[in-house]
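Morning, everyone. Please have a look at the model first.

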Amino acid sequence: TIAITSKRSEPIRIIDWKGQSVIREIGEGNWMTGSMVSFSDGGKYLLLQEIGFSDFSQNKNRAIDYEIIDIASGSLIKKFDKVQDVVVSSDEKTAISLNNNEISFWSLPSGERTKSFTVPAAGNALALSPDGQTLAVSQPVNAADYKNQFRKDKKGLKNAVKYKQVVTLFDVETGAKIKTIGEFYDLIYNLAFLAGDEVLFV
């Protein structure tokens with residue numbers, strides 16, 4: 001089964017690609033600029049992401065809309081306005097949103113918020129591990145954390161702070177920082193754990 005989005009006036013089409021037939025049409029995600037679509041791991045929900053006119057901004061986080069759709073009924077379960085990112089847990093019981101520096105957890109399908117914690121200077125992307133215990137969040141480079149590493153290269157540190165980002169892992173239960181992955185990346189807009197493995201795509 002695949003899901004296809006088109007222009008604003010067209011519904012999302014759920015297609016049986018083997019039988020080459022349209023199973024269902026869903027009239028959600030009607031943003032002017034269109035949407036990106038992905039299935040939750042168990043195939044129960046669609047996560048729709050607004051395609052902004054411009055996602056890129058060096059010094060400002062993006063603010064876009066998301067919707068979670070129940071595929072069986074075609075109904076809207078939860079809408080998120082002007083946030084950086086949203087993910088659905090592998091067991092499909094929880095959605096997690098990133099809004100400024102706040103990480104919020106939402107019960108599915110009720111859409112009720114169950115808890116939240118703050119991640120200082122959060123970026124534009126987050127990912128939840130398949131076991132639901134670890135959360136990856138993009139962040140800008142903090143100069144104080146790398147002064148020793150760049151002791152003889154102050155210009156390099158300045159460029160890293162201005163142009164690069166890192167990924168930090170947090171404990172879902174407590175919100176405590178586990179560690180920061182020791183790599184620098186360009187602006188990060190997508191993070192994803194490989195299902196069933198301890199591999200994170202950046």
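Start with isoleucine 2, which lies in strand E1, residues 2-4. Strands here are DSSP runs of E with at least two residues, numbered from the N terminus. This is a predicted model: local features need pLDDT of at least 70, side-chain atom pairs count only at pLDDT 80 or more, and totals for chains, interfaces and linings use all residues. Residues are numbered from 1 along each chain as its sequence is written, and side-chain values use heavy atoms, without hydrogens and water.

A search of the whole structure gives one cavity of 30 Å³ or more. On a 1 Å grid over the protein atoms alone, a cavity is a set of points where a 1.4 Å probe fits but cannot get out; a pocket is an open set with protein on both sides within 12 Å along at least five of seven lines; lining residues have an atom within 4 Å of a point. Volume is the space filled by probe spheres set on the points, which are joined across faces, edges and corners.

The largest cavity holds about 60 Å³. Its lining includes Thr5, Arg8, Glu28 and Ser35.

Next, the largest pocket: about 590 Å³. It has 28 lining residues, and Ser38, Leu47, Val87, Leu191 and Ala192 lie nearest its centre. Strands E4 (35-39) and E5 (45-50) are among those that each supply at least two lining residues.

The second largest pocket has about 280 Å³. Of its 14 lining residues, Ser129, Thr134, Leu169, Phe193 and Glu198 lie nearest the centre.

Methods: Helix = DSSP H or I, 4+ residues; strand = E, 2+ residues; numbered from the N terminus.
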